[in-house]
Amino acid sequence: MPVEMQNVVIAVAKAAYDRSTSFDDLAEIIKKEFENKYGPIWHCIVGQGFGSMVTHDRSSFIYLHIGPDGILLYRHS
């Protein structure tokens with residue numbers, strides 16, 4: 001994912017944490033914000049201790065941590 005988009009994810013995720021602490025709510029907020037900014041269809045998973053194997057569009061994948069929580073955001077057409 002390009003650095004500009006990575007910075008957006010970080011800002012959106014931090015703002016989402018100010019609004020909610022539920023993993024489901026956080027994932028929904030991040031997904032909707034990214035779809036509003038970059039178009040459909042984005043997938044977001046938020047939680048602790050999860051594994052993943054996903055197919056994604058080139059330059060449309062990020063996995064990061066905020067504290068102990070992992071955030072996986074990607075797009076697959």
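## Notebook: contacts, sheet and core

I began with contacts (heavy atoms within 4.5 Å): among those in the chain with a separation of 6 or more, 48% are between residues 24 or more positions apart. The model I am reading is predicted, so I noted that local features need pLDDT of at least 70 and side-chain atom pairs count only at pLDDT 80 or more, while totals for chains, interfaces and linings use all residues. Residues are numbered from 1 along each chain as its sequence is written, and side-chain values use heavy atoms, with hydrogens and water left out.

**Elements.** I looked up the secondary structure next and found two helices and three strands. Helices (H or I, at least four residues) and strands (E, at least two) are DSSP runs, numbered from the N terminus. From that end the order is α-α-β-β-β.

**Sheet.** I then checked the strand pairing, which requires at least two DSSP bridges between two strands. The three strands form an open, antiparallel sheet in the order 1-3-2. Strand 1 (42–47) and strand 2 (61–66) each have a single partner strand, so one side of each has no neighbour in the sheet. Tyr-63 stands opposite Leu-72 in strand 3.

**Helices on the sheet.** For angles, axes are lines fitted to C-alpha atoms, for helices over the stretch in contact, and the angles run from 0 to 180 degrees between N-to-C directions. Helix 1 (residues 3–19) lies across strand 1, strand 2 and strand 3, at about 40° to strand 2. Helix 2 lies across strand 1 and strand 3, at about 155° to strand 1.

**Core.** I looked for a nonpolar core (buried Ala, Val, Leu, Ile, Met, Phe, Trp, Tyr and Cys residues joined through side-chain atoms within 4.5 Å). Buried means under 20% relative accessible area, exposed over 50%, and partly exposed in between, with a 1.4 Å probe and protein chains only. The largest core has 19 residues, and Ile-30, Phe-34 and Leu-73 touch the most other members. Helix 1 gives this core its largest share, six residues. Leaving aside neighbours within four places in sequence, Phe-34 has contacts that include Met-5, Trp-42 and Leu-73.

**One residue.** I picked Asp-25, which is found in helix 2 (residues 23–38). Is Asp-25 buried or partly exposed? Asp-25 is partly exposed, because its relative accessible area is 35%.
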